[in-house]
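Here are some notes to read alongside the model. Each point takes up one topic.

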Amino acid sequence: MRIIETKTYEDMSKQAANIIASVVTLKPDCMLGLATGSSPIGTYEELVKKYEAGELDFSEVTTVNLDEYKGLPKENKQSYYYFMHDNLFDKVNIKPENTHLPDGTNLDSEEEAARYEALVQSLGTVDLQLLGLGRNGHIGFNEPGDSFVEPTHCVDLKESTIEANKRFFESADDVPKQAYSMGIGTIMRAKKILVVVSGEDKAQALKDTICGPISPKVPGTILRLHPDVTIVADEAAMSLM
Ligand code: GLP
């Protein structure tokens with residue numbers, strides 16, 4: 001595990017974007033695993049800047065996203081489909097047909113989880129998977145639990161996650177109670193994993209992820225068993241280390 005500490009969120013975003021850009025430059029037809037949430041927004045901004053400066057070409061890139069709320073239509077501003085289009089896909093020359101997310105509008109959980117898992121596997125190996133870290137140590141929407149769930153599945157969101165994510169909705173009642181998420185196995189099969197972590201409210205989760213026992217109670221700890229993980233974290237997130 002490589003840990004890069006940066007002063008600010010902006011520096012974290014630049015470092016992360018440089019790592020992603022190097023993968024795209026070395027392999028123009030790479031497959032990127034992408035994440036949502038506030039942590040990667042700056043990274044996407046930096047990637048858009050690089051694209052606008054003519055430094056990056058997404059025309060052959062394929063993407064698969066980690067997760068999506070179950071039950072939110074694509075045009076809902078809080079859907080991860082909307083987020084990805086708003087923050088990246090509509091701003092670069094990626095082909096829409098090469099971008100993939102779980103379909104939150106499919107209410108048949110088993111069918112959607114199986115469809116998305118099969119799709120991701122059929123596309124090949126993810127060259128780089130970008131991740132944020134939940135305040136409770138979750139990755140994607142793999143919530144703390146008694147075991148690691150391997151494939152894409154439907155998750156019952158924890159109260160703490162609903163609480164953390166309600167800032168994006170009008171109220172906690174509007175936050176969907178379930179989501180589709182790549183499983184730990186889906187994530188761990190990526191060749192490279194890049195985690196962006198920012199802010200004091202992530203400090204405990206980051207410390208547990210890096211130093212605590214490897215356990216499904218802190219899903220991020222599994223990343224220590226992956227051979228190529230880089231964490232880029234700002235000073236505030238590193239404050240308990
Ligand atoms: C959300 C997402 C995760 C994200 C995490 C942290 O619930 N499902 O993919 O990494 O929580 O979000 P944020 O970056 O907004 O703190």
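This is a predicted model: local features need pLDDT of at least 70, side-chain atom pairs count only at pLDDT 80 or more; totals for chains, interfaces and linings use all residues.

1. A term comes first: strands here are DSSP runs of E at least two residues long, numbered from the N terminus.

2. Is S239 buried, exposed or partly exposed? S239 counts as partly exposed because it has 15 C-beta neighbours inside 10 Å; a buried residue would need 20 or more, and an exposed one 12 or fewer.

3. Leaving aside residues up to four places away in sequence, S239 touches E200 and A203. Q204 is 35 residues from S239 in sequence, yet the two are 8.8 Å apart in space, C-alpha to C-alpha.

4. The strand β10 belongs to an open sheet of 7 strands with parallel pairing, in the order β1-β10-β9-β6-β2-β3-β5. At the edges are β1 (2-6) and β5 (99-100), each of which pairs on one side only. Strands of a sheet pair through backbone hydrogen bonds.

5. What does β5 pair with? The partner of β5 is β3 (residues 62-65), in the parallel sense and over 2 bridges. Within this pair, V64 stands opposite H100 of β5.

6. Helix α1 (residues 9-26) lies across several strands: β1, β2 (31-34), β6 (128-131), β9 (192-197) and β10. Relative to β10, α1 runs at about 155 degrees.

7. The ligand is surrounded by 13 residues, of which the closest are G37, S38, S39, G132 and G134. Sorted by class, the shell around the ligand holds 9 polar, 3 nonpolar and 1 charged residues.

Key: Residues are numbered from 1 along each chain as its sequence is written. A residue is near a molecule or strand if its C-beta atom, placed from the backbone, lies within 6 Å of it. Ala, Val, Leu, Ile, Met, Phe, Trp, Tyr, Cys and Pro count as nonpolar, Asp, Glu, Lys and Arg as charged, and the others, Gly among them, as polar. Two residues are in contact if their C-beta atoms, placed from the backbone, lie within 7 Å. Two strands pair if DSSP finds at least two bridges between them. Helices (H or I, at least four residues) and strands (E, at least two) are DSSP runs, numbered from the N terminus. Axes are lines fitted to C-alpha atoms, for helices over the stretch in contact, and angles run from 0 to 180 degrees between N-to-C directions.
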